[in-house]
Amino acid sequence: MKTPLHLWIVGVLSLLWNAFGAYDHVMTQFRNAQYLSVFTPEQMAYFDNAPVWFDAVWATGVWFSVLGAILLLLRSRLARSAFGVSLLGLAASPVYSFGLAEPSTIDMMGSFALVFTGVIVVILVALWLCARAMVTRGVLR
């Protein structure tokens, strides 16, 4: 089956979108001074006090989403699974961000934190649904 144009567009946009998340994750985890210089002391405390399990689910959400975008461009049916695993990471991370962290992301960023998290959820669910539809149609092998 010929690859529909929209798959390439979605794949490239997905890779670009997820590259930002990957960049944020790498810069934060490696404590890049220039990148972190714009963070407030409260935001730095948020990252410094994050438990290991939060780092693990954050990494899962970010890197499986990057993998999903790459697999989508490679026309692999595994893109659906990668986006699904990313959703699991994304579902677990708000437990710390909004519930356990002191201060929480809402305390630091207000309603923007909820809106931005919602946007991420919507985009990731749309990517998973797209990959699932492309597997069903036989576009992803």
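Accessible areas follow the Shrake-Rupley method with a 1.4 Å probe, and for residues only the protein chains shown count as cover. With a relative accessible area of 42%, V12 is partly exposed; here buried stands for under 20% relative accessible area, exposed for over 50%, and partly exposed for values in between (1.4 Å probe, protein chains only).

Residues are numbered from 1 along each chain as its sequence is written, and side-chain values use heavy atoms, with hydrogens and water left out. Because the model is predicted, local features need pLDDT of at least 70 and side-chain atom pairs count only at pLDDT 80 or more, whereas totals for chains, interfaces and linings use all residues.

Turning to the overall fold, the protein chain has 7 helices and 0 strands, so that its elements read α-α-α-α-α-α-α from the N terminus on. Helices (H or I, at least four residues) and strands (E, at least two) are DSSP runs, numbered from the N terminus. Along the principal axes, the C-alpha atoms fill a box of roughly 55 × 30 × 25 Å. The protein chain has 141 residues, of which 38% count as buried. Its accessible surface comes to about 7,800 Å², and carbon and sulfur atoms hold 71% of this area. Among contacts with a separation of 6 or more, 73% link residues 24 or more positions apart, a contact being heavy atoms within 4.5 Å.

Helix α1 also takes part in a helix pair. Its axis and that of helix α7 (residues 111-136) come within 12 Å and cross at roughly 145 degrees. Axes are lines fitted to C-alpha atoms, for helices over the stretch in contact, and angles run from 0 to 180 degrees between N-to-C directions. The crossing of α1 and α7 is left-handed, meaning that the near helix is turned anticlockwise from the far one by less than a right angle, with clockwise giving a right-handed crossing. On the α1 side the contact is made by H6, L7, V10, S14, W17 and N18, and on the α7 side by F116, V119, I120, I123, L127, C130 and M134.

F83 gives a view of the interior. This residue is found in helix α5 and is buried, with a relative accessible area of 0%. Leaving aside residues up to four places away in sequence, F83 touches S14, F64, S65, G68, A69, L72, L124, L127, W128 and A131. The C-alpha atoms of F83 and V62 are 9.8 Å apart, while the two residues are separated by 21 positions along the chain. Q43, in helix α3 (residues 41-48), is likewise buried, at 18% relative accessibility. Its contacts, again not counting residues up to four places away in sequence, are V38, M108 and M109.

The model holds 1 salt bridge, defined as a side-chain nitrogen of Lys or Arg within 4 Å of a carboxyl oxygen of Asp or Glu. D48 pairs with R31, and their closest N and O atoms are 3.1 Å apart. D48 lies in helix α3 and R31 in the loop between α1 and α2 (33-36), so the bridge ties together parts that are 17 residues apart in sequence. Both ends are partly exposed: D48 has a relative accessible area of 48%, and R31 stands at 36%.

R31 has a positive phi of about 55 degrees although it is not a glycine. R75, in the loop between α4 (52-73) and α5, also has a positive phi, near 60 degrees, and is a residue other than glycine. At 13% relative accessibility, R75 counts as buried. Finally, the peptide bond from E102 to P103 is cis, with omega near 5 degrees, and P103 lies in the loop between α5 (78-100) and α6 (105-109).
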